[in-house]
Amino acid sequence: MVNCEYAVEESRVAPVTYIPAHIVHCKGIGYPQVLADHMLRKADLHVHTRYSGLTRVSFLTFPDSISHPSDLVRTAEKKQLAVLCITDHNSIRGAVEAKKLATSVEIVTGSEILTLDGDLLGLFLTDDIPKGRTAEETIDAIHAQGGLAIAPHPFSSHCDSLGLKITELKLDGVELFNAAHRDGYTNEAAQKMSSNLDLAFVGGSDAHSPAMVGNAYTLFEGESAEDLRRAILARKTSYAGEPTPLKDIVWMTVNVTAELWRILGLSLVRRPVNDGTECALVVSRMRTISKVVALMGATAFLVPPAPALVGVLGDHIHRSRSRTHFAKVTNGPRTTQ
Ligand SMILES: [Zn+2]
């Protein structure tokens with residue numbers, strides 16, 4: 001860890017044409033000043049809202065996120081992010097909504113698109129990009145809109161990921177720090193396998209709740225979304241942040257399950273929720289018996305200490321799978337802790 005005073009000294013003798021690694025890892029009292037001296041701002045490149053579709057865990061289907069775009073915008077502004085990229089699964093709806101609400105933070109319209117080869121982030125989009133095509137076709141579609149293509153969590157063991165295919169694609173950037181991947185192995189694999197690639201190195205929170213926004217971010221020179229775009233194209237970005245605390249992930253799963261419980265319950269008493277989310281739509285089409293079974297499952301999950309136990313167990317399983325995956329991908333053990 002380099003101390004911040006050293007970083008400030010360094011900035012006086014050398015104008016920033018790149019972002020030195022010691023700045024990225026310089027945290028503490030002097031950190032905001034260091035960023036200011038280098039004219040660096042923060043952008044979170046990977047965030048989800050309630051329009052992010054559904055996620056399946058065992059026999060239960062949950063909303064991927066229940067965050068209102070307004071709550072994400074408020075948190076991003078409180079955390080003084082310059083740019084927030086909203087990247088719902090296969091939809092730009094959350095970003096379009098957030099854009100109308102933002103004041104001090106600039107919103108970039110994005111989406112996390114499921115391709116046949118793994119997830120891809122499209123930023124600076126103007127329209128939805130359909131899922132289910134090859135990564136090459138999806139990148140072409142992103143570029144045709146004037147957008148940028150980023151590989152999120154490329155070596156994740158539990159999310160759809162591009163893996164070594166990142167070396168063959170016409171990407172603009174690669175996510176080397178994803179705060180929602182708490183295991184250590186996934187981010188280190190990405191950093192190790194991407195160091196020689198001519199791509200922008202970026203970070204994103206992959207936030208599924210407002211509390212997670214800004215836990216990881218991309219550093220860039222300038223102020224605006226257009227400055228961010230230029231920095232990505234010039235490969236002059238870096239990343240920083242901390243893994244999301246387990247308690248925030250547990251709390252997010254409690255809130256998501258409680259929302260599923262509410263939608264199921266209201267539907268069973270013939271007061272269906274119609275809020276435009278995929279979860280409400282799917283529940284409205286379920287048979288009564290399926291709703292009852294799902295409601296019982298959600299209830300069992302919400303009884304303490306079930307959420308905490310499931311959270312700790314899930315964290316352990318992810319870490320262990322990621323360790324195995326890391327060894328397979330990199331042919332070796334971790335070099336940092
Ligand atoms: Zn994501």
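1. Strand β4 (residues 83–89) and strand β5 (residues 106–115) run parallel and are joined by seven bridges. Helices (H or I, at least four residues) and strands (E, at least two) are DSSP runs, numbered from the N terminus, and two strands pair if DSSP finds at least two bridges between them. The bridge partner of C85 in β5 is V108, and D88 stands opposite S111 in β5. Nine of the 10 residues of β5 are buried, so β5 is largely enclosed by the rest of the structure. A residue is buried if 20 or more other C-beta atoms lie within 10 Å of its own, exposed if 12 or fewer, and partly exposed in between, with C-beta atoms placed from the backbone.

2. The model under discussion is predicted: local features need pLDDT of at least 70, side-chain atom pairs count only at pLDDT 80 or more, and totals for chains, interfaces and linings use all residues. Residues are numbered from 1 along each chain as its sequence is written.

3. As to overall composition, the protein chain contains 12 helices and 11 strands. Of its 337 residues, 45% are buried. Among contacts in the chain with a separation of 6 or more, 64% are between residues 24 or more positions apart; two residues are in contact if their C-beta atoms, placed from the backbone, lie within 7 Å.

4. Nine strands form an open sheet with mixed pairing, in the order β9-β8-β7-β6-β5-β4-β1-β10-β11. At its edges are β9 (200–204) and β11 (238–241), each of which pairs on one side only. From one strand to the next, the twist averages 35°.

5. Helix α5 (residues 93–101) packs on this sheet and touches β4 and β5, its direction making about 175° with that of β5. Axes are lines fitted to C-alpha atoms, for helices over the stretch in contact, and angles run from 0 to 180 degrees between N-to-C directions. R93, G94, A95, E97 and A98 are buried in α5. The buried residues of α5 pack against α4 (69–78), β4 and β5.

6. Helix α6 (residues 135–144) also packs on the sheet, where α6 touches β5, β6 (118–123) and β7 (148–151). The direction of α6 makes about 5° with that of β6.

7. G147, in the loop between α6 and β7, is buried, with 24 other C-beta atoms within 10 Å. Leaving aside neighbours within four places in sequence, G147 is in contact with G122, L123, F124, L125 and I142. The C-alpha atoms of G147 and D172 are separated by 9.6 Å, although these residues are 25 apart along the chain. T167 lies in the loop between β7 and β8 (173–178) and counts as partly exposed, with 15 C-beta neighbours inside 10 Å. Between the C-alpha atoms of T167 and N196, 29 residues apart along the chain, the separation is 9.5 Å.

8. At the other end of the strand order, β10 (residues 216–221) and β11 run antiparallel and are joined by four bridges. L219 stands opposite S238 in β11. In a regular strand the side chains alternate between the two faces of the sheet. In β11, S238 and A240 point one way, Y239 and G241 the other way, and all are buried.

9. The largest nonpolar core has 63 residues, and those with the most contacts inside it are A43, V83, L84, C85, I150, V174 and Y239. A nonpolar core is a set of buried Ala, Val, Leu, Ile, Met, Phe, Trp, Tyr and Cys residues joined through C-beta atoms within 7 Å. Not counting residues up to four places away in sequence, A43 touches L81, A82, V83, C85, Y217, T218, F220 and L228. Another core, of 11 residues, lies apart from the largest one and includes M252, I263, C279 and A294.

10. Helices α11 (residues 288–302) and α12 (residues 306–330) pack at an angle of about 85°, with their axes 6 Å apart. That makes α11 roughly perpendicular to α12 (angles under 35 degrees count as roughly parallel, over 145 as roughly antiparallel, 65 to 115 as roughly perpendicular and the rest as oblique). A300, F301 and L302 in α11 meet A306, P307 and V310 in α12. The residues of this contact divide into six nonpolar, no polar and no charged. Here Ala, Val, Leu, Ile, Met, Phe, Trp, Tyr, Cys and Pro count as nonpolar, Asp, Glu, Lys and Arg as charged, and the others, Gly among them, as polar.
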